[in-house]
Amino acid sequence: MMPNSQDRDRATVQQTGSIRQDEWSQLLVAVGTQRNRAAFERLFAHYAPQIKGFQIKQGGRSDSYEAGEELVQEVMFRVWTRAPGYDPSRASANTWIYTIMRNCRVDALRRQACRPGLDEGLAVEDVWDEALDEQPLVYLQQYREQSSISAALGELPEEQSQVIEKAFVEGKSHQEISSELGLPLGTVKSRVRLGLKKLQGALAGKKSQEVKR
Amino acid sequence: MIEHHPDQNLLLEYANGSLPWAQALAVSAHIQMCPRCTQHLRQLNELGGALLDQSTASEPASDSWSRLMARVDSSEAESAAPATAEPPVAPRKISDPMLSGAPPVIRKLLHTNPPLHWQRVSRGLRAARLVTGQASSEVAFHRISCGAKVAEHDHRGQEITVVLYGSFSDADGVYSVGDFLVRQPGQVHRPTATQDQECLCLSVVEAPVAVTGLLGRLINPFLGIRPA
């Protein structure tokens, strides 16, 4: 990566990137820049039930109610502490909170799997960068509204939307999905690929283009 | 120009957090060098965000908000208190020119590791193991001398290679900085570094636990490279 590429990338975003105008992103900015608790309370009222619903769908186990509560606490706490780093031109509030939730899950799994005393290595954010701040940005993207992604998901054949939902909502690997559904691994992988291909239009937005640098 | 990328399935397993730590490290290193995969990852994250948005809401417990704010208040009181902790130790400078331009995740990994200990694996090939806090895969740097031909070999577990410096080639192609390769066990290859430059790669090899058991692997980790 060239030196200063990040500075240049940020400048590019400010000049040409589309700033997310949706309500939740604005509230998140208010939390980040003003430490506004009223805005945070509105975010909590909206996202806490979504996060808990996500977690409950994952397990259906008897402990999933508890796990859902814990996940809400952890995710929303991180939302509060990390909101100053939120950049609405890089991600919608939904997407940013999704990545925080994913990292909380990775953290929880890692704590279970790790030998004690190994916490001093890389943090989950080093490996799963929430803000994608370290990444070069050479594509301009006109983000589609998230509702158009949801609509496109609704049009997928059931067998494709099922595996994609399991992957994101339940956080499962292809192998886990394959065991759970009793399908060959290759079938799961190809359904995921086919589904993603069909979602491509909604995900990329039509105005996405490569910037010459 | 990066020519070899992780496939959609691997990127999705990175985006949903289900990829094991060591493999995620390799994907992360690639993404930090690759605008194309960064863009794909952004799209996958957007998909995650859309699914979060349409999840069936489930009301949190009645004391959920007050518990959260109690934690927020106590953490803010803590951070407002005068710091008593020692100032953070400045990270060791990375003197190796092959690593100073490595992506951020690799530089951070170096800072959390003891100084690298290079071991000769075979003629023209040296390796240094990295500590990542997990045991399911072996993570190492491999360094091929200018123009050296590595002995033809096979891997016992799936191997991911990310080129961090220089370039190498094998019968299937030429791989340069940022390229991401997956080799399945049984895929024999013989990498050769380019004549004028050393080559440095990150390599992540799945532990072949079923074959030798954990102990054998710990005693001689570089048995992972064996002549075919």
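# Close-up views of a predicted two-chain model

Figure 1. From the N terminus on, the elements of chain A follow the order α-α-α-α-α-α-β-α-α-α-α-β. That makes ten helices and two strands. The model is predicted. Chain A has 213 residues, and 52% of them count as buried. Take the contacts in chain A with a separation of 6 or more: residues 24 or more positions apart account for 70% of them.

**Figure 2. Chain B has seven helices and eleven strands.** Of its 228 residues, 54% count as buried. Now take the contacts in chain B between residues at least 6 apart in sequence. Of these, 67% join residues at least 24 apart.

**Figure 3. Helix α3 of chain B is mostly covered.** This helix spans residues 35-53 and has 19 residues. How far does α3(B) reach from its first C-alpha to its last? The reach is 27 Å, close to the 27 Å expected at 1.5 Å a residue. Of the 19 residues in α3(B), 15 are buried.

**Figure 4. Three strands of chain B form an open sheet.** Their order is β7-β6-β9, and the pairing is antiparallel. Which strands lie at the edges? They are β7 (173-176) and β9 (192-193) of chain B, and each pairs on one side only. Strands of a sheet pair through backbone hydrogen bonds, either parallel or antiparallel. Strand β6 of chain B covers residues 167-170. Two bridges join β6(B) to β9(B), in the antiparallel sense. Look for B:Phe168, which stands opposite B:Ala193 in β9(B).

**Figure 5. A:Trp24 and A:Tyr47 form an edge-to-face aromatic pair.** The structure holds eleven aromatic pairs over all chains. In this one, the rings lie 6.1 Å apart, centre to centre. The angle between their planes is 70 degrees. The pair links distant parts of the chain. A:Trp24 belongs to helix α2 (residues 23-34) of chain A, and A:Tyr47 to helix α3 (residues 37-59) of chain A. The two residues are 23 apart. Are these residues buried or exposed? Both A:Trp24 and A:Tyr47 are buried.

**Figure 6. Ring pairs link residues of chains A and B into a cluster.** The members are A:Phe40, A:Phe44, A:Trp80 and B:Trp65. A:Trp80 also has a charged neighbour: A:Arg35 lies over the face of A:Trp80, at 4.2 Å from the ring centre.

**Figure 7. B:Arg71 lies over the face of A:Phe77.** Here an arginine of chain B meets a ring of chain A. How far is B:Arg71 from the ring centre? The distance is 3.7 Å.

**Figure 8. Cysteines of chain B, with no disulfide.** The structure holds zero disulfides over all chains. B:Cys146 is in none, and its nearest cysteine sulfur, that of B:Cys199, is 10 Å away. B:Cys146 is partly exposed, with a relative accessible area of 41%. B:Cys199 is in no disulfide either. Which cysteine sulfur is nearest to that of B:Cys199? The sulfur of B:Cys201 is, 3.8 Å away. Is B:Cys199 buried or exposed? B:Cys199 counts as buried, at 0% relative accessibility.

Technical notes: Residues numbered from 1 in each chain as written. Chains lettered and ligands numbered in written order. Predicted model: local features only at pLDDT ≥ 70, side-chain atom pairs only at ≥ 80, totals over all residues. Heavy atoms only, no water. Disulfide = S-S within 2.5 Å. Buried < 20%, exposed > 50% of the residue type's maximum accessible area, 1.4 Å probe, protein only. Pairing = 2+ DSSP bridges. Helix = DSSP H or I, 4+ residues; strand = E, 2+ residues; numbered from the N terminus. Expected span 1.5 Å × (residues − 1). Phe/Tyr/Trp six-rings, centres within 6.5 Å; stacked < 30°, edge-to-face > 60°. Lys NZ or Arg CZ within 6 Å of the ring centre and 35° of its normal. Contact = heavy atoms within 4.5 Å.
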